[in-house]
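Thank you all for making time this morning. I would like to walk you slowly through one structure, and I will begin with a single residue before turning to the whole chain.

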Amino acid sequence: MGATTSLVKDKAATGLRPAGRPAWLRKTARLLFGLAVTALIWESAVQLFVIRPVYLPRLSTILMAIAATPGAYVNGFLRTSAETLIGFATGSAFGVLTGIAFFRVRALREMIFPIFVVSQTIPVIAFGALVVLWFGNTLLAKAVIAFYLTFFPVTVNTLLGLETVDPKQVALMRSFGASSGQLLLRLQLPTALPQIFVALRLASSLSLVGAIVGEWFGDTTGLGVLLLQAMFTENVVAIWGALLAAALLGTGFYAVVAAAERRLVFWSAEQ
C-alpha cells in the first residue's frame with residue numbers, strides 16, 4: 001500500500017498522467033465531431049427554413065457536384081497548393097532575413113522599411129496585374145503575388161520579436177564571449193519565435209488569398225479559376241464547391257503551421 005501511494009505521488013510530482021488515448025487522436029475526434037455537427041446543422045437549416053439555393057445550397061448538393069467532376073477540383077487544389085506553398089516559403093524566409101537585417105542595421109531599416117510600408121498600400125489586384133504582365137500566366141506569377149502578401153507581416157513581427165530581447169541577457173552572453181552569430185541563434189531568434197509564428201499563421205492565409213487572386217488574371221487550373229468560372233456562369237453550387245475546397249486548403253495549411261509552432265515553441269505552451 002505504501003509503495004502504491006509513493007508511486008502515485010511520484011507520478012503527480014513529475015507531471016505524468018495515466019496512459020490513455022493519444023492527444024492527437026482526441027483532437028482529431030473532436031474535429032471530426034465538430035465537422036459532422038456543422039454539416040448536420042447546415043443541411044437541416046436549409047430544409048427547415050426553406051433557404052433558396054441562390055443564397056445557400058444544401059451541403060449534400062455541393063458535395064455531389066464536387067463528386068461529379070472530381071478531376072477539376074483535385075487539379076485546382078494541387079495547383080493552388082503549389083502556388084501558395086512557394087509564395088509562403090519564399091515570403092517567410094525573405095521576411096525573417098529582412099527582419100534580422102533591419103534589427104542589425106538601423107540605417108538599412110530607416111531607408112528600406114518605409115518603401116515596404118508604401119508597397120503594402122498598393123491593392124493586390126493592381127499589383128497582380130503588373131506581375132502577370134511581367135511573368136505571364138504562370139505558376140511563378142501566382143507565387144510572386146502570394147509572396148507579396150506574405151513577406152511584410154513576417155518582416156514586421158520578426159523585427160518586433162528581436163526587439164523584445166532583454167538587454168541584460170545579451171550582456172550576460174557577451175560576458176561569456178558569445179559572438180553575434182551565437183547571440184542570434186541561441187538567444188534572439190528563440191526569443192522572437194513566438195512573435196514570428198504569429199505572422200506565419202497570418203501569412204498562411206494571406207498567401208492562399210494571393211494565389212487565388214493571381215489566378216483571376218487568367219489561367220486554366222486552380223481554385224481561383226473554378227471560382228471565377230462559377231461566378232461568370234452564376235453557378236452558385238460550383239461557387240460553394242470552390243469555397244469549400246479553398247477552406248479545406250487554408251485550414252490544412254494553417255494547421256501545419258500551428259503544429260510546427262507547438263513543436264518549435266514548446267516553452268510558450270508550458271508558460
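Predicted model: local features only at pLDDT ≥ 70, side-chain atom pairs only at ≥ 80, totals over all residues.

**A walk through the chain**

Let me start with valine 50, which counts as exposed at 65% relative accessibility, where exposed means over 50% relative accessible area, buried means under 20%, and partly exposed lies in between, with a 1.4 Å probe and protein chains only. Residues are numbered from 1 along each chain as its sequence is written, and side-chain values use heavy atoms, with hydrogens and water left out.

Valine 50 sits in the loop between α2 and α3, where helices are DSSP runs of H or I with at least four residues, strands are runs of E with at least two, and both are numbered from the N terminus. Although valine 50 is not a glycine, its phi is positive, at about 50°. Most residues other than glycine have a negative phi. Glutamate 234 is also not a glycine and has a positive phi, of about 55°; this residue is placed in the loop between α10 (223-232) and α11, and at 69% relative accessibility it counts as exposed.

Now to the chain as a whole. How many helices and how many strands are there in the chain? There are twelve helices and zero strands. The radius of gyration of the chain, taken over C-alpha atoms, is 24 Å, whereas a compact globule of 271 residues would have one near 18 Å, by the rule of 2.2 Å times the number of residues to the power 0.38. Along its principal axes, the C-alpha trace spans about 70 × 70 × 30 Å. Buried residues make up 35% of the 271 residues. If we take contacts, meaning heavy atoms within 4.5 Å, between residues at least 6 apart in sequence, then 74% of them join residues at least 24 apart.

Let us move to the interior. In soluble globular proteins, nonpolar side chains tend to be buried together. A nonpolar core here is a set of buried Ala, Val, Leu, Ile, Met, Phe, Trp, Tyr and Cys residues joined through side-chain atoms within 4.5 Å. The largest such core has 15 residues, of which Phe88, Leu162, Leu189 and Leu200 touch the most other members. Two or more residues of this core come from each of α4 (70-104), α7 (139-163), α9 (180-215) and α11 (236-264), and the largest share, eight residues, is given by α9. Apart from this core lies another, of 14 residues, including Phe116, Val124, Ala141 and Phe152.

Which residues does phenylalanine 88 touch, not counting residues up to four places away in sequence? They are Thr150, Leu200, Ala203, Ser204, Ser207, Phe253 and Val257.

Threonine 80 is placed in helix α4 and counts as buried, at 0% relative accessibility. Leaving aside neighbours within four places in sequence, threonine 80 is in contact with Leu208, Ala211, Ile212, Glu215, Gly222, Leu223, Gly224 and Leu249.

Phenylalanine 127, in helix α6 (residues 124-135), is buried, with a relative accessible area of 16%. Not counting residues up to four places away in sequence, phenylalanine 127 touches Ile122, Val144, Ile145 and Tyr148. Phenylalanine 127 and valine 144 are 17 residues apart in sequence, and their C-alpha atoms are 10.0 Å apart in space.

Alanine 65, in helix α3, is partly exposed, with a relative accessible area of 28%. With residues up to four places away in sequence not counted, alanine 65 touches Tyr73 and Val237.

My last topic is the largest pocket. On a 1 Å grid over the protein atoms alone, a pocket is an open set of points where a 1.4 Å probe fits, with protein on both sides within 12 Å along at least five of seven lines, and lining residues have an atom within 4 Å of a point. The largest pocket is lined by 25 residues, and Leu31, Leu35, Ala247, Leu248 and Thr251 lie nearest its centre. Which helix gives the most to this lining? That is α11, with eleven residues.
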